[in-house]
Structure formats: C-alpha cells, structure tokens
Amino acid sequence: MKRSAFDRHRAILALPGVAVVALAFAMPAPAWAGALLPERGGSPNADRIASLYEVVLIIAGVVFAGVTIALAIALVRYRERRNPLAAQIRGHTRLEIAWTCAAAVLIVFIAAFSLSKFGAINHPPKAAASPAAATAGVPDGGRGALHIQVTGRQYVWMFSYPNGAFSYEEMVAPVGVTVELDITSVDVAHSWWMPKLGGKLDAVPGYVNHTWFRLERPGVYRGQCAELCGRGHADMVARVRGVSPAAYKAWVTRQKQLIDQANQRAARDRASGRQP
Amino acid sequence: MAATTTTPTRIPAGVPQIAVDRVRRPATPGWVGWVTTTDHKRIGVMYLTTAFAFLLIGGVEALLMRSQLAVPKNTLLTPETYNQVVTLHGTTMVFLVVMPVWAGFANYMVPLMIGARDMAFPKLNAFSYWLYAAGAIVFYASLLFTPPEAGWTAYTPLSSGPYIPGNGTDAWIFVIHLTGLSSLLGALNVTVTIANMRAPGMGWGRLPLFCWSLLAQAIMIFLTLPVVAAAVTLLLTDRHFGTCFYDPTCGGSAMLWQHLFWFFGHPEVYIMILPAFGLISEVLPVFARKPIFGYKAIAASSIGIAFLSMLVWAHHMFATPLASVVLAFFMLSSMAIAIPTGVKILNWVATLFHGSIAFRTPLYFAVGFLVLFTLGGITGVILAIYPIDRQLTDTYFVVAHFHFVLVAGSVSAVMAALYYWFPKMTGRALSEPLGKASFWLQFVGFLVTFLVQHSLGLSGMPRRVYTYPADSGWGTDNLVSTIGAFILGVGVLLTVVNVLVSLRRGRRVGPDPWKGNTLEWFTTSPPPPHNFDAIPRVRSVEPMRDIRRAVRERTEAARAG
C-alpha cells in the first residue's frame, strides 16, 4: 500500500521528463540543429550568439534541474504519509542571505560573461585591406565595409547598393566581405531578420538601425519580417544570396545598367506621351 | 509585540465587538440583487464568472490560431481574421481575464483575510466591476463591425496610420481606458482597505502574503496604468484629431509609443503574476502544514519586484534603434529582477521541506506553477541578454516564454486559487478526482503546446504569422503544439465542468476544510453578508492555527475537568 503510493508519486514526477524526451525524439532529425540552439553557420555574429547561448543554456539547465530536483525530493520525502508531523520552521536568516547572494553572484557572472562577448557580436572586425572586398568594390582598397541599405515597406524588402542599383526581396552579397546594413522603413515598423546571419533589427520609420554580417560561404539564406506589419506580414520574406566578390561586382553593375535603361525608356515614354 | 505573544490565545467571548443584528436591508432577490449589489463577495463572484467566461472565449481564440497553424499553408483563417484573432486573444487574456480574475479573488478574499466586513468603498467597488464589464462589451462589440488587428501591443504607425481599415483600434483604445480605470479604482480600494481595516492585532508583519502581493500590485497599477491611459489617448488623437505624436512623417516618433506602452507593459506582467506569487505563498503553507519559509523575504521581494519592474521596459525593444549604454542598462536591470524572483522560488521550495504535504488539487496546481514558472523565469534571463534576444524576440521562443510565465504561472495560480477558495465561496468542495485529472491534462497539455515553441522560435519562426511555407520544416512542431493546445483546452473545460457540477452536487464542507491559516476560514462557508459575527484578535501570521489550538486546548481542559 505504502509502496505503491510511493511509486505512483515517483511516476508522476518522472512524467514531465518523459514527455520532454518523447517530444525531442518525435522531431525529425534535421530539426535537431534549430531545436535547442539558435541558427548558425552563415555569419560570425550568428555563430557567436549561438555559442553564448550554449553557455547560458547550460547554466540555465543546471539551475532548473537543481530547483526541480529539490522540489521532487521535498514532495516525495515530506508527503503526509511519510512525514506525518510538520516541523514548525519559519525561516533561516543565514540560509536566506546565502542563497540571495548566490543568486546575485550567478546573475553577475552571466552578465559579465555575456558583456565580454558583445564586442565581437555587435561590431564587425576592423578590416585590413582585403582583395575580396576590393574586388567587390569596397572603396579605399577594400578597407571598411560594403554598405547596403535595407528599406522595409508593406510587404517587401528593398535593398539599395552603393552604386545606386537596387533590388527587391533578394539581396545579393559578396562572400568574405563585411556587409553593413542600414535598416529603415517607409511605412510601419518591420523587423529585418536572417536567422543564420545574426539577430534581428527593427526597421522603424524615421530611424536608421544598423547591423552587419560576413558570409562565410556562397548560398541562399532565408528570413522574413519579424514584426507584425499588417495582413501580409507572413508573406514579407527575404533572401540573401551569397556570391563571389567578382560575381557580386558584375551583378551590381548589370543591375544598375538595367535600372538606368528602364528609367530612360520610361522618361522617353513620358516625353512622347505614350502610356508604358 | 512581546506583550501580545505572552498573552494566551483565546477566542473573544461575550458580547461581540460589533453587533450582528444591526439593521439590514432585506436582500433583493434574483438578478436585480446581483446588479445592484455593493457586497464585496457578490462583486468578487461577478468578477470571477465574467473573467472565466472570457477565459473560455480567449481559449477558443487560441485554439483557432493553433488550428490555423497546425499545418503549413492552411486556409482556415484569412490573414485579416488571423490578425484579428491574435489581437482579441492577447487583449482578452490580459485585460479581460487575468487582471479581473485577480481583482475578483482580491475582492472576495481581502476583507475576509484581514477580518473586515467589506471593502473600504463598496460603491466604488461595484463601479470598478461595471467599468470592467463596459470595457468588455465595447471591445467585443467590435466583432459586429471591424475587430482590431494591430496586436495587443498596437505598435505605431500600424495602429495610428492609415494602414488598417475600420475602427477596431478605437475599440481597443476604449477597452484599455475602461479596464484601466477599473483596475486603478480597484487597486485604490484594496490599498485603502488593507491599510485601514485590518483586524485588531494584525500589524503589517502579520498581513497575509496574498494581501502583501496585492499591495505591491497596486503600487504598479498606480504608477503605470495612467501612463498607458495617456499613451492610448495620444493614439486616439493621432487617429482622429490630426495630432502627430506617433507619426514620423509630421514630426512624431514611432518609438515613443513603444516606450510608453512597455513602461506599462512590463510592470503589467508583474501586475498579472504578483497576486499569483501571493496565492502560492498562501497555498503552500496550508498544504505543507508548515509556516511559510521566510515571510519577510517573500513580502519584501514582492515590493522589490514592483520597484524593479518599472526599470526594465526597454528589454521589449532590444531590436529597435537604441544606444549601447541603454541596451546594457536594460539588460542588467532585467537580469536583476531574477534575484527577488529566485528568492521567492527558493523560499517556496523550502516551505515544502520538512512539511507534511497533503496532496490536494490546490497543491498540485501550486507545484505545477513552481516547475513551469521556474522554467519561464529562466528563459527570461536568457532573453535579457540582448544579442541573444535579437535572435529570439518576436519569435515563437518569446511566445513560449511569456506563456510559461502567464499561463503556467498566472493561470495555474488562478486554478489553485479556485480549488482552494471554492469551498469558502460556495460551502461545497470541488471534486478532487476531476480536479486532479484537470491538473494533469493542463500540465501535460501545456508542456506539449509550449516546449516545442521554443524550438520553433530558435529555428526562425516569427510570431504573429498567419501561415508558413511547407519547406520551412516547422510543420511537425506546429502540429505537436496544436495537439497540446487541445489537451490543455480539455483540461480547462474539465475544471469548468467540475465547477458546474460541484455547485449543485459538491460535498458540503464546514468553515475550514483545509485547516487554513488565515481569517477567511474563521467564518462560515459561504460567509454571511457581514462576514464575521466577531472579529478575533490576531496574534501571528496564522491566526486560524492559533484559534484551532485554543479550541483544542479548551476542549481537552473541559474533558479533563
């Protein structure tokens, strides 16, 4: 009788754990990567955020396990039937001071550790003259960064390149070159987010927000608007296509030509009074 | 103090301090009696029934969203309807469920817990309830026209500019005004009642912790609800009277709204969770048969949380253009709030140690609260680190985080409060087997719904999207989450069934079925209109224990004699 009651409670306590494990295994294998950690593998800032997250997650896991285990012990050990007489304890000042201090120390540690990592996440590395960047058209022999303007509007992202070219929905960016983004909006608030290329930055009308990335390899990176911006919010997707610096240079020049030609055609049409 | 502790505990005998048979108007029968009542208990019950009705409505809205997201490219809801349901769900749960449900318990229980005969301002109390009811009607009347669709945060310029047709946002503004005023007057009433109407002997150090948490909540309500009332008034004038507070095209700032809203919005989280802290601090000692561990630390940390809660608002804005020093300040202040919260959790666990724990339904919900709220608190610390927050904010990770705090936190505590106080309110106990089944369904359903949402957020799914493509890889997690939401829904329904059945068929209980600690258990269940025939002198934090001991000693003495 006593024994079975004990088992029942133990089963009750084990249930959440079992549920978690069952859920973890229910997920498809490719989901493992994003299941416990933020996305990484596109740009150093995203990688560094994921590494910082890993450390904090481990600390958090230890704290959660500690509290849950203490709770479980209390529930099993001090059940009515096992412990019919409750001790009349009202507190323990030294113990309370000790755990308040311990909590404070832990928080200070997490804060200090995090702060020490912020520089590398928030600021692109100071670039030496890089041939890749020079090829991509970064001025001053490839020192500094390539600036691309990101403008949000309902429900599309627009990208403006230094030579005056622009594109919608898909940004083309050179691999191995630090790209700095100046993010703004012309209507409501949007949020620029490419999970593999670092954290999101809001596009707020009237303000310019900044972030950066440096693509490690060619490929297409996906993201979408992360701030509710109206009925088409879910459809406001974006892509970053990473190409070689030479290919970027060629693309951006060609894009500029196409835009100029289209503008000239439109101007001619307007002058001759023809509807396009 | 020393003098009172040496005096033997006794029940006041002889002539009661206030005569029972003072002139009482005959009770008005039927619904007129309810509508015109100024009795804190009836107002409390009206608050609670209205809030639970909206819990079901808000729950249906949640299930609509989960159904839409169960599979990729679903077409159950249009984008327009989805945004409306998002807005209705958030606003309903915050302003029409959690805040008023605590107002309901506070109304019913504060006078009883402190040994008072009613609230300080009974008519104002009724007015608070009717303001809340008016807010609810105004808000839900928008369903007949154009429901709001800017989210419960109503970010400008989406809410202020010409981006959403119709007047739904105005209905949203008015629900904030009306329920805000209701909460302000309610908090005023609770504060004055607690400050002035405590039983003889109940110093501040003997005030029940639920009342302490309501005082801390009242401070936050006084300081932040006027700010959001002003903010939505500016929004109203921007929308209709040509002002430019939030419009960047004519000199306003879209960020101003975010600052004003979150200056209210973050303390709002604590406005919803602090009464839960108080409730847990009442329930655990009763079912562990042991005094609360560290009364002073728990009371003080409530006030500490109230203070810190007003210094953390910009952690909702880590992705907006803010200076690094501002980001660092709000990161550190947000982390600091984990210290008083952590202290409370440790005190609660310590309360259970060396106790003699009775496994009743309120304790189940209280323990569920401890496990899940701790997890929600910990993800809160992770989110406070702003570069990490920039990966996670506005994703399903944040959705999971605040549902751990507000559903597993506040709603678990509401359930605990319901099972704990229902016998006092009705004279009948809720069914224990149904209650425990409801707990397990809610607990498991909650975990299934929200654990996987952390993963969804980590793998890039933003919140408030009405659909997602099939190749995103989010399908399985979303389906799991939807199944969990329905399990959770069944769990809540089971409690509703339990209440309806137990109202008529529940086991009849006496004044003190749980062997409670506080004065509400001193009077009959349900209490008479005047609450107490005689108000006992309070000599500790647990006056009912003193009274029970005195009765036992006297009975033994009588037997021996």
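Student: What share of the 276 residues in chain A is buried?

Tutor: In this predicted model, buried residues make up 31% of the 276 residues in chain A, a chain that holds 6 helices and 10 strands. Among its contacts between residues at least 6 apart in sequence, 66% join residues at least 24 apart.

Student: Why is A:Leu146 called buried?

Tutor: A residue is buried if 20 or more other C-beta atoms lie within 10 Å of its own; A:Leu146 has 24 C-beta neighbours inside 10 Å, and therefore counts as buried. A:Leu146 lies in strand 1 (residues 146-153) of chain A, and, leaving out residues up to four places away in sequence, A:Leu146 touches residues including A:Ala133, A:Val138, A:Pro162 and A:Val179. A:Trp212, 66 residues from A:Leu146 in sequence, has its C-alpha 9.5 Å from that of A:Leu146.

Student: What makes A:Glu169 exposed, and what sets its phi apart?

Tutor: The cut-off for exposed is 12 or fewer other C-beta atoms within 10 Å, and A:Glu169 has 12, so A:Glu169 is exposed. A:Glu169 is found in the loop between strand 3 (166-168) and strand 4 of chain A, and has a positive phi of about 70° although it is not a glycine. Most residues other than glycine have a negative phi.

Student: Which strands pair with strand 10 of chain A, and in what sense?

Tutor: Strand 4 (residues 170-174) of chain A runs parallel to strand 10 and is joined to it by 5 bridges, with A:Val172 opposite A:Arg241. Strand 9 (residues 219-224) of chain A pairs with strand 10 in the antiparallel sense over 6 bridges, and there A:Gly223 has A:Ala238 as its bridge partner. At least two bridges are needed for two strands to count as paired, so both cases qualify.

Student: Which residues form the covered face of strand 10 of chain A, and which the uncovered one?

Tutor: A:Ala238, A:Val240 and A:Gly242 make up the covered face, while A:Val237, A:Arg239, A:Arg241 and A:Val243 make up the uncovered one. In a regular strand the side chains alternate between the two faces of the sheet.

Student: Why is B:Ser410 called buried?

Tutor: The cut-off is 20 or more, and B:Ser410 has 28 C-beta neighbours inside 10 Å, so B:Ser410 counts as buried. B:Ser410 has its place in helix 14 (residues 396-426) of chain B. Not counting residues up to four places away in sequence, B:Ser410 touches B:Val98, B:Met272, B:Ile273 and B:Ala276; B:Ala276 is 134 residues away in sequence, yet the C-alpha atoms of B:Ser410 and B:Ala276 are 5.5 Å apart.

Student: Which residues touch the most other members of the largest nonpolar core?

Tutor: Of its 249 residues, these are B:Cys211, B:Ile280, B:Val283, B:Ala366, B:Phe369 and B:Ala416. Helix 8 (residues 254-288) of chain B gives the largest share of this core, 23 residues. Beyond its neighbours within four places in sequence, B:Cys211 is in contact with B:Val110, B:Met113, B:Ile114 and B:Ile194.

Student: How do you know that the span of helix 17 of chain B agrees with its number of residues?

Tutor: The expected span is 1.5 Å times one less than the number of residues; for the 18 residues of helix 17 (residues 543-560) this gives 26 Å, and the end C-alpha atoms are 26 Å apart, so the two agree. The buried residues of helix 17 are B:Pro543, B:Met544, B:Arg545, B:Asp546 and B:Ile547.

How values were computed
Residues numbered from 1 in each chain as written. Chains lettered and ligands numbered in written order. Predicted model: local features only at pLDDT ≥ 70, side-chain atom pairs only at ≥ 80, totals over all residues. Helix = DSSP H or I, 4+ residues; strand = E, 2+ residues; numbered from the N terminus. Core = buried A, V, L, I, M, F, W, Y, C linked by C-beta atoms within 7 Å. Contact = placed C-beta atoms within 7 Å.
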